[in-house]
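Here is a friendly walk through the structure. Have the viewer open as you read, and follow along chain by chain.

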Amino acid sequence: MIYNVTHTTTLFYSNLVRLARFNLRLRPIDWPGQTITEYRLDVSPAPADIRQKSSPWLANETRLTLRDPITRLSITSRFRARVQPPAFDRAQAPSPSIAQVRAMAMNWPAVGPGSPASYLFASPIAAIWPGEIGAWGRQWLADDTPVMQGAMALMRALHEEFTFDAASTSPDLPPIEAFRARRGVCQDFTHVMICALRAIGLPAAYVSGYLRTIPPPGMPRLVGADMMHAWVALWCGPDLGWVGLDPTNATLATTDHIVVAMGRDYGDVAPLDGVFHGGAGQTMTVSADVEPVEEEAV
Amino acid sequence: MPRSRALPAAPDWLSSYQPSGAASDLYAAASPQTAAHWHTMARGLAALGDQSGGVQEQIARQIRDMGLTFRVAGDEAERDWPLTPMPLIIGGEEWGAIEAGVIQRADLLERLIGDIYGHGQLVAKRHLPAPILTGSPYFARKMPGMAPPSGHWLHVCAMDLTRGPDGQWCVLSDRVRLATGIGYALENRLAFSRATGSLLGDIHARRQAGFFSALREGLARDCQRDRPRIALLTPGRLNQSYSEQAHLARYLGFPLVEGRDLVVNQDRLFVRTIAGPKRVDALWRWIDTNALDPLSFDVRSTLGVPDLMATLPGGAVVANWPGAEVVESRAMAMQMERLCPLLLGQSALLKSVPGWWCGQDGALAHAKKHLDDLLIAPAFGSAEGLGRQPVVGASLTPERRAALLAAMRQRPMDYVVQTLLALGQTPTLVEQQLVPRPFSLRVFAARDGQGRWKVMPGGFARILPGDDETPALIGTGDLSADVCIADVQKQSSIGHTMLDAPGVVRGGAILASQSADNLFWFTRYAERTEFTLRLLRALLGGSIEADASAHQAGVGGVLINLLHAGGAVRAQGMSEATLDICADALTEGDLPGGIPSLIRQLQNTGRALRQRFARDFWLIASRPMPALRDHHPQTMLEVIEELLERLSALSGLIAENMMRGPAHAFIDMGRRIERALSICRVTRGLQASGQEGLNVLLELCDSQITYRSRYLSGAAPLQVLDLVLLDPDNPRSLAFQVEALVQRISGLPPLDDRNLPEQTLLDARAILAPLQAQAIADVDSGTLHAIEIQLLSLSDRISERYFLPNETVAPRQQGALLS
């Protein structure tokens, strides 16, 4: 599949904001099966400085520095993504047991953002304690269960037991609250699932990205299009590697999902954060368009 | 006169001492020469005790004089520092071995950190399991690939040691994140040496000053400028160890700064001062890496400096290097002995307590088999079934044991198990008797001017009431003691704690913008409190003397209006009885301009200024609000008088004890602006209220006595107003306040060298000029109102020019993820 993606964020401030410095994490990373071309970032008003920074996670981080006072900032990220289906169906592939994956992850000799060792522990938002989420998730995650089978059962259970509720979120909502309410948005579904997987010692990551806007003919429209989306990546041993599981839609992430960044939780890959001078109420509008392009038209 | 020698007949407390374990007891296992020092010390302390109220009491007095306090985690109140008289005494020879072990371990930590953030060979070659890094909350993932230009990852580090049952010293934990205790070690020595005269000299105790000079030189050596500015970066006044940090900064001559005092410009680091930004070369940080730079680490942190990381490649020194603290975990401590030969090519001189990280092969099975004989602890911060606290296997109930083992099977990487270790013991004075008590000793090492490690001779001793080891620096019931390294031969005889004296200097220290802000607002709150108290006193006085209803309609009404304008009375409360209004203003905590809120703000601001003021000052300022027994006018007046007395005592201390410099200028400016505003407001309110109004005006402006001695007649409008507004010699007049403002502002350092008056000065002069040029008959209510507005705008200008702008964390992109 080939997509043209346009993502525009506009920030409004009720008072003048001085020396604003933002980190953007909008340019998609390289990911197996995914090729990004024609990337373009437009920022208005033009920042005094735009620098590429190294991110400790799988993310492209851009630092904007605005020295002149602003009351409004508009950021548009555009690119073309080609997404190829995986060589085999990972849902059907044989996978190692949960105990085996745990042991392999603990012994993996690397600490970088692609290493399973980086995703074994509690992170600032996706805490493991209190253990309620772990206790709930354990019913599908016995030590001898093949890891794909267990993870997909957990994903489906989340999808069935939880209500999608766009009215109930803030980016820093602790997953435990979404869990107790049994409702939330893609980010909450993703955090809850990460907590459940990590609670039994599996390496689980948070992926931010996009979902195709217009469904293929005859297929239902997926929830989360028109916005940035989030799902889980689970490391399933060296053969399967990182597998995307989307609990909001109870599906594996394949050609409908475009990966932007991967980290431990939302905080590591937030599309935008930063600091500025001046106490100012911030409001924001966001629009994202993920348009499939006919292969012939390219 | 050496007192200890003068009284040889004093009892020797050690003669009846019963050590519990001979090899691990500091006294029982001491060499004969060191044991002799123990006896000299014990007799000396006993002799001091004979002289005046017990040695314990003398030390307690020193502690109070020095203002040494601490806070237990979760406690609001500060407690006096629990220094026990009997020091730990360690012989020079034994200490030599400890010193060598500590230096070796510091080198090992340095190499280890260098590999973790450098080539990563230990992990890649499977000498170090990756989760021991990724599990640490202190693993700084931004740091790999960024090495310190100075070559030093560590400048200051510490190790907690004890003497094991076999008499060998062993390491309990490593500390590279914070050198907590280093300041208390210094303070313990100061208090102990002041209370005990020549005793330290009598046992040939080594001095500590050299260590602190070395620490300073070691930081300076790695800076790029010859006379570098090294600042101590504190998380702020609410931090548990703030008083330690403030004391250290003062002792070392480092400015004490918070993150918001600092700013990064063009990849260089500056401190914001009243004379503009000043370059900072090095930071001794007392905050976690995670909080250091919100743009690189945790964006929600408000303690750090945005973009601080950008200053590192250019040579800014941050000690210790960000991320160094990753080596602090229990899981890592258990790898040290094994890593030592790999990294240094030699075996470890200091042993660690034997232990296993449960993520490694076979450790879990071992733990299960020997659980009763092991301590189970979180490998990093906390672990399911334990929280943050370690637990002894044998103490577990069968249910808890089963639950813990199940949790350990699922997340083995969160746990370590450790052989149980009894701490060493030291003779401790308890009710005039020496008894053995378990101790741990924190030993500090710092790089010196040649970049080599120097170990503080002594350290921070924590003495526990029982055998349980908790991770706090000091907890409830714990004691602390000085630590003496005693040589057989006497060392040089210079003072025990003085740093090498620098050349004579006067003033000159920088005044950080934030301190200026606090100074300014401290006196503004003090003055506002005083003025509100005077209004209440006038209101209460009137209600006793005059017919209450008539009073309320006239002058009393004006006073109530003024109280309302200041936020001490609510709009709906204005029609209440006078006594109720006063009682509310004196007791209600949620009235923004009520006395309790004003005092709270005064104390909050004052807390940040502690290191600037003497102990007496802080004692008065921090005293709680006196309780109001009943709402009787006389009771209320007594409380008001007491508070007014305290405020005037504070003013007196400022006037008499404070150095005249920029800090004093700001403290005076705060008072002058606030008082000038009050005079304008009260005059506008009362000048039309006849004779009674004028009398109250004189009272509020504390000018009755001057007036009566100057004029024999009763209060007459022009005479009163001239005294209160224009008389430049009346320290309570408006003109006097504004003139003082002009003087203070003109004495402040300029931003540049063009020598033109700054806008703040021009504004202040513009307020003063008409007061000097007009006759009292020309000053009307409109003039006063205009002055009031000018004063408020002057206050804003002062804030803009000298204080800090507010930094805001941009909320993370909300609404972008509504899927």
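In this predicted model, the centres of domain 1 and domain 3 of chain B are 69 Å apart, taken over C-alpha atoms. Chain B is divided into three domains: domain 1 covers 354–419, domain 2 covers 513–658, and domain 3 covers 660–807.

**Helices and a strand pair in chain B**

Let us turn to helix 10 of chain B, residues 242–252. Eight of its 11 residues are buried, so the helix is largely enclosed by the rest of the structure. Those buried residues are B:Y242, B:S243, B:E244, B:Q245, B:A246, B:H247, B:L248 and B:A249. They pack against strand 1 (69–70), helix 7 (182–196), strand 6 (230–233) and strand 7 (256–257) of chain B.

Another helix to look at is helix 23 of chain B, residues 690–700, whose buried residues are B:G693, B:L694, B:N695, B:V696, B:L697, B:L698 and B:L700.

|---|---|---|
| Helix 10 | B:G253 | positive, near 75° |
| Helix 23 | B:D702 | positive, near 50° |

Strand 3 of chain B (residues 88–91) is also worth a look. B:L88 and B:I90 point one way from this strand, B:I89 and B:G91 point the other way, and all are buried. Which strand does strand 3 of chain B pair with in the parallel sense? The partner is strand 23 of chain B (residues 483–486), and the pairing runs over four bridges. Within strand 23 of chain B, B:V483 is the bridge partner of B:L88.

**Chain A as a whole**

Chain A holds six helices and 14 strands. Its C-alpha trace spans about 60 × 50 × 40 Å along the principal axes. Does the radius of gyration of chain A agree with that of a compact globule, or disagree, and what is the reason? A compact globule with 298 residues would have a radius near 19 Å, and chain A has 19 Å, so the two agree. Of the 298 residues, 50% count as buried. Among contacts in chain A with a separation of 6 or more, 76% come from residues 24 or more positions apart.

**The five-stranded sheet of chain A**

Chain A has an open sheet of five strands in the order 11-10-9-8-12, with antiparallel pairing. Strand 11 (251–252) and strand 12 (257–263) of chain A each have a single partner strand, so they stand at the edges and one side of each is left without a neighbour in the sheet. Strand 11 of chain A pairs with strand 10 of chain A (residues 242–246) in the antiparallel sense over two bridges. Here A:T251 of strand 11 stands opposite A:D246.

Helix 5 of chain A (residues 186–199) lies across strand 8 (204–211) and strand 9 (229–235) of chain A, running at about 15° to strand 9.

**A residue in strand 9**

A:A233 has its place in strand 9 of chain A. Why does A:A233 count as buried? The reason is its 23 C-beta neighbours inside 10 Å, since 20 or more within 10 Å make a residue buried. Not counting residues up to four places away in sequence, A:A233 touches A:A205, A:V207, A:W242, A:V243, A:G244 and A:M262. From A:A233 to A:T251 there are 18 residues in sequence and 12 Å in space, C-alpha to C-alpha.

Key:
Residues numbered from 1 in each chain as written. Chains lettered and ligands numbered in written order. Predicted model: local features only at pLDDT ≥ 70, side-chain atom pairs only at ≥ 80, totals over all residues. Rg over C-alpha atoms; globule rule 2.2 N^0.38 Å. Buried ≥ 20, exposed ≤ 12 C-beta atoms within 10 Å, placed from the backbone. Contact = placed C-beta atoms within 7 Å. Domains from an automatic or database assignment. Pairing = 2+ DSSP bridges. Axes fitted to C-alpha atoms, helices over the stretch in contact; angles between N-to-C directions.
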